[in-house]
Structures are given as C-alpha cells and as structure tokens.
Amino acid sequence: MRIATWNVNSINARLATVEKWVAQEQPDVVCMQEIKCIDEKFPAETFERLGYNVAVHGQKTYNGVAILSKRPLEDVRRGLPGDEADEQARYLEAVVSGPKPVRVAAIYLPNGNPVATEKFEYKLAWMKRLEAHAREILAYEEPCALVGDYNVIAEPRDAEHPKDWDGDALYQPQSRAAFRALKWLGYTDAFLEADGASGAYTFWDYQAGAWPRNNGIRIDFALLTPQATDLLAGCVIHRDVRGWDKPSDHVPVVVELTC
DNA sequence: ATGGTAGACCTTCTA
C-alpha cells in the first residue's frame, strides 16, 4: 500500500496539479493539508472519478485536511483530541480497511510564527496534544502512519541553510524538542529509515528564488508505529513536482508499506 | 538589512 502526504496550499487553486499527480501515481491513500476550504467546497467528485473514497475536515479560508483512499475508510475521526475549544481544522484520522487494516492520520501542525506570540504558544500546546494522542495510538499496537506537514525542521541536515531559520518557529529548540519527544515515544521517520539521504527537502518557499537555489527544508514526515515500520518497503519524495506549473510550495511524500 | 510570492478575500491575514 502506498500512502502519500501533500500540503497542496489550496485544493481548489491546485486542482489541476493535484489531479494530474494523483491520476499518474495512483497512490492507495492521499493525505492532504491546507485544503483551505469548507467541506462542501472540496472537489470530492474529481477524486471519486479516479476511484477514491473521500473524507474531509475543512474550514473557511485556512488550514483544512482531507484523506483520499481507494479502500473504504472506517472509524473517521475529525479534529485532534484534547481541546474542545480548538476550532482549527488540522487533524483527520481514519482506518483504511482491508485484510491488513492501517490507521492513517493527516496532520497539519501549526506554523507558529512569529515566535513570542500566542501563535507559538498554540503550536507548542498543539504538539503536546499530538504527543498525548500519539501515545494512545501506540497502545493499540497496530500499523499506523501519522503523516503530514509537521512544520518542524527537526535537525540541521533538514535545511539547506539552517542558520537562516534561527529565529523561526520551525527551528526553535522548543519545537525541535517537542518533535523529538513525539518521535521517541516509539515512532520511526519513514524517510530516514528507508532512504536517509541528506539534502532531501519537501518544501521550498515561493519567495526569493528558493526553488532554483534549492533553498529547501524537510518538514513533511511520515511517522510510523513499530507495526507499520515492520511493513516499510520505501519512502520517496516527489521532488520534481515542485517544478511543475502552478506548484504547491510543498511536494508529495510517498511511503510504501507491504500490505 | 530588506524584500521577495502565493492564496483567500475585502484589506489584511497566513504562510
């Protein structure tokens, strides 16, 4: 089973690009972030025509996540547990049915900039809630992939110019520590495990020629439970998609599990 | 040191 994650930066602005890639690659599952629309405005029919079931957790203008799956989706959960007052649509979880069911979550972790504002506090609080929920999922002892835009540069190797990010929420010691705490609960970074190449990025800013200069960062991850890690067959960053017409600033990451 | 782009949408906010 091939599971993709992609921050599309508006599904409606990106529809032609996303449809082209999905039709070409035919992943079994596609987790999207930043769809930037309410559920009713998500172009579900486009993907249903390609043979996908669709689950959406959207909101107006900002954020929003979705899961496409060729196999039926069960036990769909909308929103990250731990704060009933949180109205930002950043988490969607479902079980992909089949002989070997796999739990999948689409994650759009808060950016958190600028630092020293309530936005950074919200990021850290959200990461605490994610850690608590990820701990619960580990206790299920089942294959699960937590995929998405984590908005964290975990290590210097994950940036072309790490020093440029010193004042940024994505590279703060607190952000990196929170990511480390999450991962060390017992999750595996699928790309590092399967590939491990340095200089492999998933995001290049639209500004200042970041793409032609390869001024990128790796912030889109697939974190796997031990039971999913046992099934890991590969992980590929679809770098070339950043050079397509009307690209997102993120590219798809595809993790393959043998099931 | 600054500004550079993209998207949603009403004028500025988010990234």
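What share of the contacts in chain A with a separation of 6 or more comes from residues 24 or more positions apart? Such pairs account for 70% of them, where a contact means that C-beta atoms, placed from the backbone, lie within 7 Å. The model is predicted, so local features need pLDDT of at least 70 and side-chain atom pairs count only at pLDDT 80 or more, while totals for chains, interfaces and linings use all residues. Residues are numbered from 1 along each chain as its sequence is written, and chains are lettered from A and ligands numbered from 1 in the order in which they are written.

Chain A holds six helices and 14 strands, taken as DSSP runs numbered from the N terminus (H or I, at least four residues; E, at least two). Its radius of gyration over C-alpha atoms is close to the globule-rule value (2.2 Å times the number of residues to the power 0.38), so chain A is as compact as a globular protein of that length.

| Property of chain A | Value |
|---|---|
| Radius of gyration | 17 Å |
| Span of the C-alpha trace along its principal axes | about 45 × 45 × 40 Å |

The largest nonpolar core has 76 residues, that is, buried Ala, Val, Leu, Ile, Met, Phe, Trp, Tyr and Cys joined through C-beta atoms within 7 Å, buried meaning 20 or more other C-beta atoms within 10 Å. Its largest share, six residues, comes from strand 7 (residues 102-108). V104, among the residues with the most contacts inside this core, touches I67, A145 and V147, among others, beyond four places in sequence.

Methods: Buried ≥ 20, exposed ≤ 12 C-beta atoms within 10 Å, placed from the backbone. Contact = placed C-beta atoms within 7 Å.
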